Amino acid sequence: MSLPESGDIVKANIAIVLTDIIGSTKFVEKYGNLASAKWFKAHDKYCISLIYKFNGILCDASDGFLMYFSTVQNAIAFSFAYKSALKKHKFPFKTRIGIHYDEMLIIKTPQHLVEANHKRISLEGIGKSVAARTMSICSGEQVLLTHKACLQYKSRINQNSFISKDILLAC
């Protein structure tokens, strides 16, 4: 086994975002494999298109996604657009989102492994666990930010046009 080259590892302050379909196993049990697969495929299509619309990078997927954004503003804008799309298209499940801002290592996977279907990049650092814990305590109607993400959001003067001016924000 070889370790990644130093040029394949970048240290950066980023907004780490995790989404999750709440109760996905029960959903499959209730609606069956085929119907669930169709809903999940549609969900994934919307989510991935919004990740790229808001300049995010997709890292990993299961019944939710791990992604990152260069700013908390873009992460929040993605989250609101994502929630709106699911509501607009009447998805029959709820999702939750956790956002954390931290210094992380972004590790590029060697090309030969990408060609063998490994993910293109990995995130390493405690921030991924913090974002996951934040997402896990979130209800279906919330987007939860950690204290660090909230402070980073408040410190930016420029607002994102996709974020409503009347959002409820509490640190």
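This is a predicted model: local features need pLDDT of at least 70, side-chain atom pairs count only at pLDDT 80 or more; totals for chains, interfaces and linings use all residues.
Close-up 1. Setting aside neighbours within four places in sequence, S24 is in contact with F40 and D63. With D63, the link is a polar contact between the two side chains, at 2.7 Å. S24 belongs to helix 1 and is buried, its relative accessible area being 12%.

**Close-up 2. The largest nonpolar core, with V17 among its members.** This core has 28 residues, and V17, M67, F69, F78 and I99 are those that touch the most other members. At least two residues each come from strand 1 (9-21), helix 1 (24-53), strand 3 (65-69), helix 2 (72-88), strand 4 (95-108) and helix 5 (147-155). Helix 2 is the biggest contributor, giving 8 residues. Take a look around V17: beyond residues up to four places away in sequence, V17 touches F65, L66, M67, F69, A75, F78, I97, G98 and I99.

**Close-up 3. The salt bridge between R96 and D20.** The whole structure has 3 salt bridges. In this one, the closest N and O atoms are 2.8 Å apart. R96 sits in strand 4 and D20 in strand 1, so the pair ties together parts 76 residues apart in sequence. D20 is buried at 10% relative accessibility.

**Close-up 4. The salt bridge between D102 and K148.** Here the closest N and O atoms lie 2.9 Å apart. Because D102 is in strand 4 and K148 in helix 5, the pair ties together parts that are 46 residues apart in sequence. D102 is buried, with a relative accessible area of 12%, whereas K148 is partly exposed at 42%.

Note on methods
Residues are numbered from 1 along each chain as its sequence is written. Side-chain values use heavy atoms; hydrogens and water are left out. A nonpolar core is a set of buried Ala, Val, Leu, Ile, Met, Phe, Trp, Tyr and Cys residues joined through side-chain atoms within 4.5 Å. Buried means under 20% relative accessible area, exposed over 50%, partly exposed in between (1.4 Å probe, protein chains only). Helices (H or I, at least four residues) and strands (E, at least two) are DSSP runs, numbered from the N terminus. Contact means heavy atoms within 4.5 Å. A polar contact is a pair of N or O atoms within 3.5 Å; within protein, one must be able to donate a hydrogen and the other to accept it, and residues adjacent in sequence count only if both atoms are side-chain atoms. A salt bridge is a side-chain nitrogen of Lys or Arg within 4 Å of a carboxyl oxygen of Asp or Glu.
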